[in-house]
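Colleague: I have a model open and would like to learn how to read it feature by feature. Could you walk me through it?

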Amino acid sequence: LRAKAIIQLGLYMGSRRCDIVSLRFNDIDWQNSTISFVQSKTSYGMSLPMPDQVANALYQYIMEERPESECDTVFVQNKAPFESVSSQVCTSALNRALPQRNVYDSGFHVTRKTFATNLIKNKATAEEVMETLGHRNLSNIREYLSLDDQNMIKCPFSLIERDLRYEGGFPNEQ
């Protein structure tokens, strides 16, 4: 249940693993279905809607699996002492959920990329993606935008006109 909740925070909210393991009970507003926190990487304050599947996964973990602990972080170790988990727990959860997955240099961050790509595929603007991910400028979301193959095919720019090189050069280029 812990692994399921962790993966869903990445896939459906775009949360980084450092923010997932730092999630505290007082960050969750069950009444308004939001999670509010300060991003560890950027120190940027966030308040995001909490999708039902994430709320249900968190609730199920807290009520059915989480050990009793004085620790105020949501995710704790399964064995005593029941303290906060390290961010490696996120990667381990993903690896357990997808044991055949073998993508070089692709850790838990793939859930954040999947989340952003799905936003783009569902017609979110670049500004909406930027805001949802907690970025402060559009240049930070380029890596996510490039993953939308269907829309990248429609790109109206000529690489030659932009003085960009295709890896290995163009076929008829000397």
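Colleague: Let me start with a single side chain. Leaving aside neighbours within four places in sequence, which residues is L58 in contact with?

Modeller: One thing to keep in mind throughout is that this is a predicted model. The general idea is that in soluble globular proteins, nonpolar side chains tend to be buried together. Here, once neighbours within four places in sequence are set aside, L58 is in contact with A5, L9, L23, I28, W30, I35, M50, V74 and F75.

Colleague: Which residues have the most contacts inside the largest nonpolar core?

Modeller: Those are L9, I35, L58 and F75, in a core of 32 residues. Two or more residues come from each of α1, α2 (17-21), β2, β3 (45-49), α3 and α4 (88-97). Another core, of eight residues, lies apart from it, and A116, A124, V129 and L133 are among its members.

Colleague: Now the helix. How do I read which side of α3 is buried and which is exposed?

Modeller: An α-helix has 3.6 residues a turn, so residues three or four places apart point the same way. In α3, the buried residues are V54, A55, A57, L58, Y61 and I62. They cover an arc of only 165 degrees around the axis, so they sit on the same side of α3. On the other side, D52, N56, M63 and E64 are exposed. The cover over the buried residues of α3 includes α1 (2-13), β1 (28-29) and β2 (34-38).

Colleague: What span should α3 have, and how far apart are its end C-alpha atoms?

Modeller: With 13 residues (52-64) at 1.5 Å a residue, α3 should span 18 Å, and its end C-alpha atoms are 18 Å apart, which agrees.

Colleague: On to the sheet. What is the order of the strands?

Modeller: The order is β1-β2-β3, in an open sheet with antiparallel pairing. β1 and β3 stand at the edges with a single partner strand each, so one side of each has no neighbour in the sheet. Two bridges join β1 to β2, and D29 has T34 in β2 as its bridge partner. β2 and β3 pair over five bridges, with F37 opposite M46 in β3.

Colleague: What is M46 in contact with, beyond its neighbours within four places in sequence?

Modeller: M46 is in contact with I35, S36, F37, Q39, E131, T132, L133 and G134. M46 and L133 are 87 residues apart in sequence, yet their C-alpha atoms are 8.9 Å apart in space.

Colleague: And L119, where is its place, and what does it touch?

Modeller: L119 is in helix α5 (residues 109-121). Not counting residues up to four places away in sequence, L119 touches A124, V129 and T132.

Colleague: Let me turn to the backbone. Which residues should I look at for phi and omega?

Modeller: Most residues other than glycine have a negative phi, and most peptide bonds are trans. S43 has a positive phi, near 60 degrees, and is in the loop between β2 and β3, a hairpin with six residues between its strands. S43 is exposed, with a relative accessible area of 54%. K123 also has a positive phi, of about 75 degrees, and belongs to the loop between α5 and α6 (126-133). K123 counts as exposed at 66% relative accessibility.

Colleague: To finish, how many helices and strands does the chain have?

Modeller: There are eight helices and three strands, in the pattern α-α-β-β-β-α-α-α-α-α-α along the sequence. Buried residues make up 36% of the 174 residues in the chain.

Definitions and conventions. Residues numbered from 1 in each chain as written. Predicted model: local features only at pLDDT ≥ 70, side-chain atom pairs only at ≥ 80, totals over all residues. Heavy atoms only, no water. Helix = DSSP H or I, 4+ residues; strand = E, 2+ residues; numbered from the N terminus. Expected span 1.5 Å × (residues − 1). Buried < 20%, exposed > 50% of the residue type's maximum accessible area, 1.4 Å probe, protein only. Arc of directions from axis to C-beta. Contact = heavy atoms within 4.5 Å. Core = buried A, V, L, I, M, F, W, Y, C linked by side-chain atoms within 4.5 Å. Pairing = 2+ DSSP bridges.
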